[in-house]
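Have the structure open while you read.

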Amino acid sequence: MDKRKAQAKTLRVFRKVHRTTGALLFVFFFFISISGLILGWKKNSNGKLLPKTQQGTSSDLKDWLPVDSLHTLAIGALQNSMSPDLSPELDRIDIRKEKGSVKFVFVDHYAEIQLDGATGKVLSIGQRRSDFLEKVHDGSILDRYLGTDGIIKLVYTSVMGISLLLFTITGFWLWYGPKRMRKEAKRNVQALS
């Protein structure tokens, strides 16, 4: 009987940890699940979340303009087509050699300018809504708005990762523990018979 009481006590502790963790982190789990679900569909969103990668004229890098020239053209397209007040600070340059195009992604406004690598012609100007969702998903949106240097993202991802592991362990035990207790009780009844 002592073993059964210990198992029941363990189940009660796991249930309390599971319930408390869920209640405390509900909002964060909600945002992670919704943003993760949407991000899973970003390439199938018909350009609503992520602009489609356009096809340039040449995939041979020998035919391409120098990157600094392409950068100048991208900044000009950003300021002429969107707004001269937008920051030209780059987040990254994404070269798609096989497509013959290059994407210039900006830091402050989630804009993307796609250029033909060979001609410098503007292929696409769009918003990368998926970049915003990724920042919500991993918590770095808070670092961005509070001006911290990645510490919030580090704490957030650590807490959420440990919580998910804790949910998995306690959830499994809440499912398996009662089955195990019933099986042992049945075995004990048969042994007494």
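Which residue forms a salt bridge with Glu 112? In this predicted model, the partner is Arg 128, and their closest N and O atoms are 2.4 Å apart. This pair ties together distant parts of the chain: Glu 112 belongs to strand β3 (residues 111–116), while Arg 128 sits in the loop between β4 (122–127) and α4 (129–138), 16 residues apart. Both Glu 112 and Arg 128 are buried.

A search of the whole structure turns up 8 salt bridges. Here are some of them:

| Pair | Closest N to O distance |
|---|---|
| Glu 112 and Arg 128 | 2.4 Å |
| Asp 94 and Arg 96 | 3.1 Å |

Lys 153 has a relative accessible area of 34%, so it counts as partly exposed.

Some salt bridges share partners, and that joins Asp 91, Arg 92, Glu 112, Arg 128 and Asp 131 into one network.

Now for charges on the surface. Lys 9, Arg 12, Arg 15, Lys 16 and Arg 19 form a positive surface patch. Is Arg 19 buried or exposed? Its relative accessibility is 54%, so Arg 19 counts as exposed. You'll find Arg 19 in helix α1 (residues 2–24).

Conventions: Residues are numbered from 1 along each chain as its sequence is written. This is a predicted model: local features need pLDDT of at least 70, side-chain atom pairs count only at pLDDT 80 or more; totals for chains, interfaces and linings use all residues. Side-chain values use heavy atoms; hydrogens and water are left out. Patches are made of residues with over 30% relative accessible area and no salt bridge: like charges are joined within 9 Å, nonpolar side chains (Val, Leu, Ile, Met, Phe, Trp, Tyr) within 5 Å. Accessible areas come from the Shrake-Rupley method with a 1.4 Å probe; for residues, only the protein chains shown count as cover. A salt bridge is a side-chain nitrogen of Lys or Arg within 4 Å of a carboxyl oxygen of Asp or Glu. Lys and Arg count as positive and Asp and Glu as negative; His and the chain ends are not counted. The place of a charge is taken as NZ of Lys, CZ of Arg, CG of Asp or CD of Glu. Helices (H or I, at least four residues) and strands (E, at least two) are DSSP runs, numbered from the N terminus. Buried means under 20% relative accessible area, exposed over 50%, partly exposed in between (1.4 Å probe, protein chains only).
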